[in-house]
Amino acid sequence: MSHPYDAIVIGAGHNGLTCACYLARAGLKVLVLEQYHTVGGMTITEEETLPGFWSDLHASGYQLANLSPVPHELGLLDRYELIEPEIPFSHAFPEGDIISVHRDIERTVGDIARYSRKDAETWRALMNRFLAQKDAITASMFSPPPSFPAAAADFAASSAGMEAYRFSMQSVRSWANQTLEAEATKTLFGSFATFLGASPDDAGGAELGWLFASVLQNAGNNLVKGGMNRVTLALAEHLQAHGGEIRTNVRVEKVLGDAKRATAVRLISGQEIPVGQLIVSNVDPGHLVLDLLGAGMVGQQIVRKMEQYERGDSVFVMFVALDSPINYKAGSAARQSAHVHLTEPSLDFFARVYLQCRGGALPSAPMIVSWNDSAIDQSRAPAGDATGRVPGRTWDEAREPYADYLIDLITANYIPDLKDKILRRVAHSPVDISRKITSAVHGTLGQGAFLPYQNGSLRPIPELGQYKTPVPNVYLCSSGSHPGPGVSMAPGRNAAQVIFADLGLDFRSVV
């Protein structure tokens, strides 16, 4: 019996499209199904506030993608333009102090030296350490992960390996207190761990902070001219050029088949689409296991484990259209940065944020990540141009009062002219985010918390840690798999490698 499609990919985010592109390059007839009205997933750019003001709704910086082989292998770089700010990011403090990380490491060292000469030299040593390990780190990201026993054996093979294991488990506070002396420098690293969902006292946060800071120092924090959606549009164009098909505004309700084989997908419209060889999921792994497959296909044990999968911490997002450029209290370097972290200079600040959030309260002073999209990319805007104050008990009730509270807080502490320059503000609560993108469960952005027991071959759970499900022809390719969140396109590429091996195809033939 012939089928119109060899492979069906559920979800047209960057990882789903990446996997689909490699499959199509191998000659498979590929169909991608997307519930939203356009491709992109977590890389969507829309006029969220006013006409002509283009906002990245979720992912914004082109960071891990700078390390990715995918844009080169698929010839994507001719389809979008990258803007490379001289200052990848800054960290600004309420009193007007700032640390800026420049592409020129000597300028970064000079910035840090204003707070601690020792920390400045430590930064240089940490960046050199990253350079020495960069090839190995990149290779590990863009390959299927080793099994847990193999990874443990590698750590145990040498004293250096055991020290690396210790570092991979350290909290930011433990590592920073051993390594750095200035609170401002400790905060700089702590903010990146927070960026990835790790509090100062969570295991594994130190390595996350070091890796993220190192990538931005080494490879930059680029913006895609016109918005991150240009990346997924480029992937979509490549897929279609190789015979792939994309359907938007369609939502998959169920994967049909049994424990031995998936045979089709059923849409919420009732339409059933048969598949010849395989199905790849780019949706949240919990949604895949619990809703699309179910216990009848994967077994009750897998269902129970996915019910215990930890989602991580939610985010609150505000988009503002301004009548003119803003001025940070910290000076012009902040506005010239791709993004700015706005916090007090203290790891205890982050600890309070997590204590309040995880205790079910709105944080009185959250960590704020301020993206300077239109300051760096002028095509994004039209030419020329624990609070005690939020009574609501649901997000629909609290969203607008909390957004007003945050605008007042940012104006008072970091950007004095912000409030006066806002033409329109749009806020997305965690509930709004999950309504818009189903894979952003509870308003989280990474398809699962980035925890030591949810990383590598343990992500999302050990039984699914090699991009495979118990159903032999159903695969995973989302950020719920190794190496996790971020616009790297790595999970999509890695899943394609596993699928090629299962089909007896040579992955090298398509790269």
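In this predicted model, the largest nonpolar core has 64 residues. Trp123, Trp175, Leu342 and Ile410 have the most contacts inside this core. Helix H9, residues 205-219, gives the most to the core, with eight residues. Another core, of 42 residues, lies apart from the largest one and includes Ala7, Val9, Ala24 and Tyr80.

Not counting residues up to four places away in sequence, Leu342 touches Ala92, Tyr328, Pro366, Met367, Ile368, Ser370, Ile410 and Tyr414.

Helices H7 and H15 form a pair whose axes come within 11 Å and cross at roughly 175 degrees. Because angles over 145 degrees count as roughly antiparallel, H7 is roughly antiparallel to H15. The table gives the residues that make the contact.

| Helix | Residue range | Contact residues |
|---|---|---|
| H7 | residues 172-179 | Val172, Arg173, Ala176 |
| H15 | residues 347-358 | Leu347, Asp348, Ala351 |

By class, this contact of H7 with H15 has four nonpolar and two charged residues, and no polar ones.

The model also holds an open sheet of five strands with parallel pairing, in the order E9-E2-E1-E13-E18. Strands E9 (245-247) and E18 (474-476) stand at the edges with a single partner strand each, so one side of each has no neighbour in the sheet. On average, neighbouring strands of this sheet are turned by 20 degrees against each other, direction ignored. Strand E2, residues 30-33, pairs with E9 in the parallel sense over three bridges. Leu33 stands opposite Arg247 in E9.

How values were computed: Residues are numbered from 1 along each chain as its sequence is written. This is a predicted model: local features need pLDDT of at least 70, side-chain atom pairs count only at pLDDT 80 or more; totals for chains, interfaces and linings use all residues. Side-chain values use heavy atoms; hydrogens and water are left out. Axes are lines fitted to C-alpha atoms, for helices over the stretch in contact, and angles run from 0 to 180 degrees between N-to-C directions. Helices (H or I, at least four residues) and strands (E, at least two) are DSSP runs, numbered from the N terminus. Angles under 35 degrees count as roughly parallel, over 145 as roughly antiparallel, 65 to 115 as roughly perpendicular and the rest as oblique. Contact means heavy atoms within 4.5 Å. Ala, Val, Leu, Ile, Met, Phe, Trp, Tyr, Cys and Pro count as nonpolar, Asp, Glu, Lys and Arg as charged, and the others, Gly among them, as polar. A nonpolar core is a set of buried Ala, Val, Leu, Ile, Met, Phe, Trp, Tyr and Cys residues joined through side-chain atoms within 4.5 Å. Buried means under 20% relative accessible area, exposed over 50%, partly exposed in between (1.4 Å probe, protein chains only). Two strands pair if DSSP finds at least two bridges between them.
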